[in-house]
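Let's learn to read a structure together, one feature at a time. Have the sequence and the 3D view ready.

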Amino acid sequence: MRIKLFHLGVVFGALLAAALTALDILFPTKMSTSISDLIKRDSDHPAAGSVLQRNSDSMVQVIFAAPSIDAVLAAMEQWTNRLDRAIFSDHTSSFDFEAVLEFYRANRGGLVSAELLQKTDEDIVKNRVRSLYSSPTSGLFSFTDDPFGLLDSFVRSLPSSYGAWRMNGGVLTAESDGMGYALINLRLAEGYAGDIGRLPAAVDHLFELNRSLSSDGNVKIYLCGAPIHSAVMARRTKTEINYLSVVSLVFVLAVAWFALRRWQRILFVFLTVLTAALAGYSALNFCFREFHLLACVFATTVIGLVVDYAFHRCLARESWREICRSMTLSFVTTELSFAPLWFSGVEILEQMALFVGVGLAAAFGFIAVYGRFVGQSETEMSVGGVKTTKRLCAILVGVALILVVYGGRKIVFATSAADLYCPSGELMEAERIRSQISGANGGEALTIVCGASIEEILENEEQLDIPSSIVCASRFFPSLKMRAVAYERMRTLFDAGTNKLVSVLGCEAPEFPSAPRSWDECLPDAMRLFFMTDNDGNVFSMIPAAVDIPKDDPRYWTYSPRREINKFFSDMTAVTLRLLGVTLTVLIVLLAVVYRRGCWRIIIPSLTGIVAAFACAALFGSSITLFHLLAAFMLAGMGVDYAIFMNGHGKAALKPVVCSMLTSLVGFGSLYFVSFPLVSSIGLVMAVGLPVSFATAVILCADEKKADDGAEIAASPLGLEILWCMYRLFGCRMLRLGTRAVTLVIWCFSAKARANAKTFTRLCNFTTGLADKLAAMSGGADAPEVIAHDDEDTKKFLSFVNDGKGVLVISSHLGMIEVLPALGGCPVKFHAFMNISRTGAFNAFYQRHLARSDVELHAAESFGMGEMFALYDWLDEGAVVLMAGDRGYGRTFEAELLGRKVRLPAGVFKIAGLCEHPVFAVVVLRKDDGRYEVKAKEIKNTDEAAAEYLAFISGLLAKNRNQYYNWDF
Amino acid sequence: MRRLIFLVSVGCAFGLWAADPLPATVVNAVDLSLRSSARWEMTKIVAGANLRLASSGTVKAAADRTIEWKTETPFASEVFLSPETMKLVSEGATNEVKVAELPHYAQIASIVERLLRANDVSDFANWKTLPSDEGKWKIHFTVTQGRMARFITEFTLAGSAKMELVQISFYNGDRTEIRFAPME
């Protein structure tokens, strides 16, 4: 039956995978991969992302180097001839040069060089005739298209340099350090840019060309640009991760087989991981139109937690109910630790939080529903004793502390994108050469010119003082206004020079060019290299240098891609660091509510792991980057997870935690060996942080045998002080509200509380009573209302108290006897003997705050002769002395209460027989209207005090089970 | 099938032949011409305008690869060409530009350089020898692709010990024919 149900789970997993895959196919989401995709939504300027993307995502620069320019050009020609033009288009070599000439020929009206415009008509004609006769070569254009050589002069006047690059027959060449260089700008075809699946193959084509041409050793070919870096890193990272994945998988399977021993359980672990991954990915698909690859890379770390849960579920020797609490708490803390990322305002962080949050929830749900089918572990674990493990862990933590001491001082947070990525030597050399030769044109700083149309942009550009060496749109495409002026000059030339040209050469009269048109109408797409449109439809041009621009003029702005990227990562690192602080704070608060003073034992493993990992990174010379911080979120979740299980289940949790830690360590720690720094930094944090967190958790939380002495649920001093402040500020009603909120959390996360209280009402009554007790014993103004029951014994009791006759009260854990001092008109002092060791936090609190009240607490555990004499003295002075009679401490005897055997304190009833003062059994019960009612029963025959007391208690207990706070009962 | 294989083999053989280095006689003639002086007569046909422009003058080439190109008719002018610069002197005025900025000159210089090195030119041009008189040679180049094809579509060289004829067809349809004769 179990197997069949398990198969049901397998079918469920398969169906889930199929459904989610189908949805992914039906509603595909774009996955972005480049840095510009991260920035486009978070930049100061709406067009910044477009500029960056336009400037980097699809452009590849190829630099040819050889001892001479001719050798470079020859190699370049061979290279470009073999280039696959379906993948790359060329912007600086011959492929589009003819198109440019043809375009200028078709729009030659007004295209004249400024130099030629300054000459006289006669000089222009004379030079043209001489050139035609004496030069063996021809112009770029035919005589009929360009009779006076005006258009030829315009083309020759175009910027022939780009930094140190000079136009050499349509190709940018440069000479430096005795070497000749040529540069080609290539553009990736649509569909390749940003597609990490297709990009490596496209770039491989370039490397293949390089290999085939640089085999002689004279020619060296360098490839630059974002696509090259993306492809190289993607290829290398993929290869490395593939190898590491195989090693990790073998190791994880070995650990899984060693630990789980059954293929069903291994399959269960696998299905849990699959569920998490599919659910997280689907959530991203549905919530984001486009998400970033890095979100997925980081989110895979959720596997570590999911495997941990699955191991706990499969290896638990306890029932699901028993491990559910720890797992729920771990789940809630992890979800909370990632929750702050939701509010970061940074989309990629939100994507990561969504993936991890949904993936973890799905895995938790899967384990909760199907986990019972894998059954409980029957075998005793064999990972060694807790003491031995603790010794080993102590050594590890010691090493970690040394790391922290030495490396902690060197921790530096990265502020530059260069800290995130360090390319290979060859790629760095290529970028160095490009930057060195390109100089100001290298794209380090850009000037962006905005306008409503291309013509307006050109006019705006022409108003700037742009150095002649800078390539810009207005030089290649003069504005209509400029061309109109030149066109009028052409008209006078044609009018004056045509006759002379005809008479000298004997040709027909040339045709006057047509009037210039707006570039907005006639500029083909291929010529719009300088112009781009942002997501909002704004058009702008890009000058590859920072030039002087008017201040606060919305038409111009300067932009530095490198600075923008650095700023983005710097801001994101700061945001993430703050969020990590928020996460840790949230975890501490939550754990304080659940574990009270013990919360430090739960949170310290995570903190130790994080600090040790950062210190180790610092020792290795790395700055702490965004990705170290993101891995720290993961480590926080896993560290808390280890501590919760070790704290809740002691030795029983050691094996699952060890298995989980080892699989996570190998799976994620191996990422350290990946050469891509972003992935490597996650690996380092996990490789160092996981074992340190585990070791700290073992030292702090693992016990040979978990103590469970049935003590009352203790409260943290801090929590009680907060309640006290609430009471003093807002009164008893607010105090009750606060305690009810705490009660809810305790009920959810404390299995012990649930086991003891049995019902939520009982726990709620208890905590409400604690609040009232606090108010009553403090003697505050807003104390709960206490009334007396209308019966003879109660009246007698009150009269004895008021008359100061000294009354011994045998109290019980039924109701809240501590509110008795709030009964109106009690002028006497109260002395209460309590088991202080079981309620240490409460009593310490009372000792701090009740000095001004009429209640004095005394330790029942240390009751001796001294206390005996003091008790008689207090009674003789007319005080009321309270001693609990329903729970045994010291010497006890057995009795029966409602059919159950209980042990009662013998001393209390002995004192009752000897004290020579009135003895009453008193109970203060809470009524439905919130008031308390005092009921007393005089113990008349002190020799049978226990029997009378039990009879009185039994009658009331039968009707008020929810107010009986003796958890041993 | 055998015929097909034969045809493919022949095609490959011709391909290999076409990729052979230029004949030494051609290379030597070009080299010698670029180290000596000559008279030239140039006819330039300007496409579209039906113009036939004739001019003549002298050329002096030196071993340092500088060329002095003098036009005598129909008017006087001088061009001093070096691998780096071109200086035009006419009616006392001098105008100097860098060769790299003159694509057509740069291309011709590149062609000449390749010819002198007797290099394989198959990457940018196909060439074939044409019939000529005894002791003379004539070779025709068709520019196929690359940067050179932007300006020059084909050219022919002819001569004996020295180069005697250069015919160039330009991309815009213009054609130039230059005949060289020994200096008197």
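**Strands and surface patches**

In β7(A), Gly180(A) is the bridge partner of Ala66(A). Keep in mind that this is a predicted model.

Q: Which strand of chain A pairs with β7(A) over eight bridges, and in what sense?
A: Look for strands joined by bridges. Here strand β2 (residues 59–66) of chain A pairs with β7(A) in the antiparallel sense.

Q: How many bridges join β6(A) to β7(A)?
A: Strand β6 (residues 171–176) and β7(A) run antiparallel and are joined by five bridges. As an example of facing residues, Ala174(A) stands opposite Tyr181(A). The hairpin of β6(A) and β7(A) has two residues between the strands, and in this hairpin Asp177(A) takes a positive phi near 50 degrees.

Q: Is strand β7(A) mostly covered or uncovered?
A: Count its buried residues, meaning those under 20% relative accessible area. In β7 (residues 179–188), nine of the 10 residues are buried, so the strand is mostly covered.

Q: Which helix gives the largest share of the nonpolar patch?
A: That is helix α16 (residues 386–407) of chain A, with three residues. The patch lies on the surface, has about 730 Å² of accessible area together, and includes Val405(A) and Phe620(A). Val405(A) lies in helix α16 and counts as exposed because its relative accessibility is 52%, where exposed means over 50%.

Q: Where is Glu916(A) placed?
A: Glu916(A) is in the loop between α34 (906–914) and β21 (919–926) of chain A. Glu916(A) counts as exposed because its relative accessibility is 77%. On the surface, Glu916(A) gathers with Asp873(A), Asp876(A) and Glu877(A) in a patch of negative charge.

Key
Residues numbered from 1 in each chain as written. Chains lettered and ligands numbered in written order. Predicted model: local features only at pLDDT ≥ 70, side-chain atom pairs only at ≥ 80, totals over all residues. Heavy atoms only, no water. Patch = residues over 30% accessible without salt bridge, like charges linked within 9 Å, V, L, I, M, F, W, Y side chains within 5 Å. Areas by Shrake-Rupley, 256 points an atom, 1.4 Å probe, with all protein chains shown as cover. Salt bridge = Lys/Arg side-chain N within 4 Å of Asp/Glu carboxyl O. Lys, Arg positive; Asp, Glu negative; His and termini not counted. Charge placed at Lys NZ, Arg CZ, Asp CG, Glu CD. Helix = DSSP H or I, 4+ residues; strand = E, 2+ residues; numbered from the N terminus. Buried < 20%, exposed > 50% of the residue type's maximum accessible area, 1.4 Å probe, protein only. Pairing = 2+ DSSP bridges.
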